[in-house]
Amino acid sequence: MNYSKENNAKQRKNAGSKKKKVRNKAVVVIFRILLSIAIIGCFAVAGIAFGAYMGIIENAPKLDEYYMVQSKSYNSIVYDQNGEEIDYFKGEENREYVSLDQIPLNMKNAIVAIEDERFYSHNGIDLRGMLRAVYTTVLKDNRQGASTITQQVIKNNIAKVQRNTLVTKLQEQYLAVKYEEQLEKQLGSKQKAKDYILEDYLNTIALNHGLNGVQTAAQYYFNKDVSELTLSECAVIAAITQRPTYYTPALHPENNKERQRVILRKMKELEFITEAEYQEALNDDVYARVSQYRNYADETNNVHDYYSDQLIEEIVNDLVEQKNYSRALALHKVYNGGLKIYTPQDKNMQKILTDTFLDDSFFPVSDYEIDVTYNISVMNTVTNTQEHYEETATVKNREAADAFVESIKDKYLTSNKELVAERPTYVIQPQAAMVIIDPHNGHVKAIVGGRGKKTTNRGFNRATQAKRQPGSVFKVLASYAPAVDLGKIGAGSVIMDEPFYNAKGEEWPKNWNGVYKGPVTAREGIYNSMNVATVRNMDNTGVDACFDYLLRFGFTTLVDGEARGGKVFTDRGLATALGGLTDGVTQLEVTAAYGTIANNGVYQKPTFYTKILDHEGQVLLEYKPEEERREVLKSTSAYILTDMMKDVLTRGTGGKARFKEVKMPIAGKTGTSTNTKDLTFVGYTPYYVAGIWMGWDKEKNINEDRGYHMLIWSHVMEEIHRNLEYKDFDKPNGITTATICLDSGKLAVPGLCDSDVRGSRTVTDIFAAGTAPTEYCDLHGSIEIDSLTGRLSDASTPSERRKTIIGIVKPDAEITNNDYEIPQSMIDGNKETRLNSNYTEEVPESNGDYIIDPETGLIIFPNGEGTENPDIDNPSPTFPTFPTFPNFNNNNNNNQNNNSTETPPDIPSNPSTELPEVPEYTAPPQNNGTEKPPENNNEQDNTLPIIE
């Protein structure tokens, strides 16, 4: 054994070396394990990231048909209900979308220079631009965007992103690459794909003031077509794109000028313009020409009717909503896409309607006026700037209108001012609009949006764009329809027509004729257009429930808690029952709502087309009635409302809408807003529903109100129905009749309610099964008197002196020394006393035992056992007990709220089987022109909206 010092050191060294090797080996193992974990982790993270990215891509908006474009322009053809060609749309008519070859090169280059200088070389995303944006944002604290023009098209027109996030940005980049790839494949080259994207961008980019696209901007800011823009003007418009509000040249020319110079400098740097062009543009006093002026270019000879105008709007809206098109691209599709557009328009109906609205004899003569608007642009030869003026006037005839135009021209065309452009516009007043719809499928058959000759395309359409007060037309929709459908009333239900007080304690509303009638039926409330009964009915039904029904009827213009000018407006209130709305409704929507009633309670969305084929013959859009309908009312409810509204024409406010020769049932409702600013009638037959509005554009009162709007409605609809077979409204199962006491609102008691001292107080009318009252009148009673003494008869009264008096019995009058005082609680049903709280009228009939008021039918008894009359020897007998007379002011006459169980006098214990059968209700025959219509058509509604 070697125990030398050297050997021991050697052994220690070897031992340390072994330990080191073991340690190093362990480190290597651990490192390998950690490396493996890291690699696996990286793959896992990458997998997760890739999965997340794929999820983001999977949920990206679909391009669908957005890139399916035509390389050529084709006219679109319009067909009527019979498949006959009736109209066409062509590219030259599109004053919003312009093709790339109509846009000057300087406009295209200005946009490319400032927005995406490598636009024609990248594949949808610009990696260099992204790195530059990161560099300037992070290191230079100068935030810059990196979106390409393609990405902006995707963001604004396809994804419609309002706020950028990491997810939306990744989706946008993916779609941009895919979009360019698809377009290149379809159009055949990268250049054509890029040109199409640039054209789309230039026609859709937001340029402030509600402007989209360079064409509308050129017209607005420079009063010229985009093709006429100079280099400096192109740079002005291109400067707006980054921050439209900040860079608008109309309001902030100094901001725009700063960016305009950046664009011009960039264009020179990219060699899009020369040094000379650059200097000329810089020296151009372009902002002296900037205006906020609408371009009034001459219309083409192809002026479409109002139907075609609205057809375009509906197609564009549906392409935007259903196909994700931008509005500009949708318009381009309509005018240039070679579409085949099939409509339900009836050209014969349209002709009748159009011809009628061109005939001034159908309109008020004394109200005839012309609103003249004269726009004139002049060039100031001293300052070399354009000036734009607009002057208006209202005159009595066309000669005066022409004279006004000449006077304005003389005013502005001075020695140093030359005419550049002018546009006189003449609008006849009062105006009108009418819509005719087939309610069974929603097909709009004919429409006119204004009176007089139509001179412009896609102008103001009063039938679809004007929001006006509907007046009493809304009573049926907002009050009676919900009440009937919820089973709260039927046609014969009794509603109290007496003063109504709102939440502020104010007496509101009042009837248009200033008269209160006490208890009236719902039927009378409609045909006499009674304000108080209508509001009281809505109050009993519930405002919220009624408002929800209006939304189901298809109204989109109602306001519900909207803040304006520091106040909150809402149509969820009682004023809505009378048509007192914040903004109003369109004639198209109110007509479609009545179409719901005409269509057995089923709402059918109105449409101007049935099917649209693209240029290749594929279905682009299709109206499917089964997908555009919803049940709003029960069929029984719709029938009851129809039956009640037939009386509007036969004995109510709508007599002038009756047909003169054609026999056809008609139901409808009149409407007049405050001071006759809006006159409306909506009516329907078993075939069609039609609504008409008449009024001034500026809401001026119509002075000569002789029901002209109803006469027009009658003329148009009678001509349409002249050769149609007679047809009645369909009566569904579940309609029953009941005889109602007009005083109690309950079932009438034979021999009492129909034998009142005032005459019969009963009405037989229709109800939906299960909604008629189930209890009998507890107000009427009878007494027997001695006709000689005037006192109640007794056993000693001879039969020949016995007289029975029937009326409403009330046992709490006070009699003092034959000075009879009727307490207010006993005269709540008397219309005169309700108008005058100080009752001073002489009591018609009286003696010491009772009082009879023939106005109310009250038989009033004194308190106690009777009152001694000194002039008669025999004292009065004890009075019988009679039912309590309710206070009508607090009685809503709803049988569901009446808990009375008392059996009426002389009624068998099982009245449902032992009472005589109630006769079937038969509506009065319709008058077809032989009976003079009611003269009073001047309804007055309190149409102020509820303001909180």
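User: At what angle do helix 2 and helix 10 pack, and how far apart are their axes?
Analyst: This is a predicted model: local features need pLDDT of at least 70, side-chain atom pairs count only at pLDDT 80 or more, and totals for chains, interfaces and linings use all residues. Residues are numbered from 1 along each chain as its sequence is written, and side-chain values use heavy atoms, with hydrogens and water left out. Axes are lines fitted to C-alpha atoms, for helices over the stretch in contact, and angles run from 0 to 180 degrees between N-to-C directions. For helix 2 (residues 105-115) and helix 10 (residues 253-269), the angle is about 95° and the axes are 9 Å apart.

User: How is helix 2 oriented relative to helix 10?
Analyst: Angles under 35 degrees count as roughly parallel, over 145 as roughly antiparallel, 65 to 115 as roughly perpendicular and the rest as oblique. The angle of about 95° therefore makes helix 2, relative to helix 10, roughly perpendicular.

User: Which residues of helix 10 make the contact with helix 2?
Analyst: Contact means heavy atoms within 4.5 Å. Helix 2 supplies Asn106, Asn109, Ala110, Ala113, Ile114 and Glu115. Helix 10 supplies Arg259, Val262, Ile263, Lys266 and Met267.

User: How do the residues of the contact of helix 2 with helix 10 divide?
Analyst: Ala, Val, Leu, Ile, Met, Phe, Trp, Tyr, Cys and Pro count as nonpolar, Asp, Glu, Lys and Arg as charged, and the others, Gly among them, as polar. The residues in this contact divide into six nonpolar, two polar and three charged.

User: How many residues of helix 8 are buried?
Analyst: Buried means under 20% relative accessible area, exposed over 50%, partly exposed in between (1.4 Å probe, protein chains only). The cover on helix 8 (residues 231-240) includes helix 2, helix 7 (214-222), helix 9 (244-247), helix 10 and helix 11 (275-283). Among the buried residues are Glu233, Cys234 and Ile237. The count for helix 8 is ten of its ten residues.

User: Is Asn255 buried or exposed?
Analyst: Asn255 lies in helix 10. Beyond residues up to four places away in sequence, Asn255 touches Tyr246 and Tyr247. Its relative accessibility is 11%, so Asn255 counts as buried.

User: How many residues are in the second, separate core?
Analyst: In the largest core, Trp713 is one of the residues with the most contacts. Leaving aside neighbours within four places in sequence, its contacts include Met434, Phe659, Phe681 and Tyr684. The second core includes Ala738, Ile740, Val749 and Tyr776. Its size is 18 residues.

User: Which side chain does Asp743 join in a polar contact?
Analyst: Asp743 sits in the loop between strand 20 (735-741) and strand 21 (762-768), and at 3% relative accessibility Asp743 counts as buried. A polar contact is a pair of N or O atoms within 3.5 Å; within protein, one must be able to donate a hydrogen and the other to accept it, and residues adjacent in sequence count only if both atoms are side-chain atoms. At 3.0 Å, the partner side chain is Arg761.

User: What separates the C-alpha atoms of Val320 and Ala330?
Analyst: Val320 is in helix 12 (residues 306-323) and, at 25% relative accessibility, counts as partly exposed. Its contacts, not counting residues up to four places away in sequence, are Tyr325, Ser326, Arg327 and Ala330. Val320 and Ala330 are ten residues apart along the chain, and their C-alpha atoms are separated by 6.8 Å.

User: What is omega for the cis peptide bond of Trp508 and Pro509?
Analyst: Pro509 is in the loop between strand 9 (494-497) and strand 10 (518-521). The bond from Trp508 to Pro509 is cis, with omega about -5°.

User: How many helices and strands does the protein chain have?
Analyst: Helices (H or I, at least four residues) and strands (E, at least two) are DSSP runs, numbered from the N terminus. Of the 948 residues, 52% are buried. The chain has 24 helices and 28 strands.

Note on methods:
A nonpolar core is a set of buried Ala, Val, Leu, Ile, Met, Phe, Trp, Tyr and Cys residues joined through side-chain atoms within 4.5 Å.
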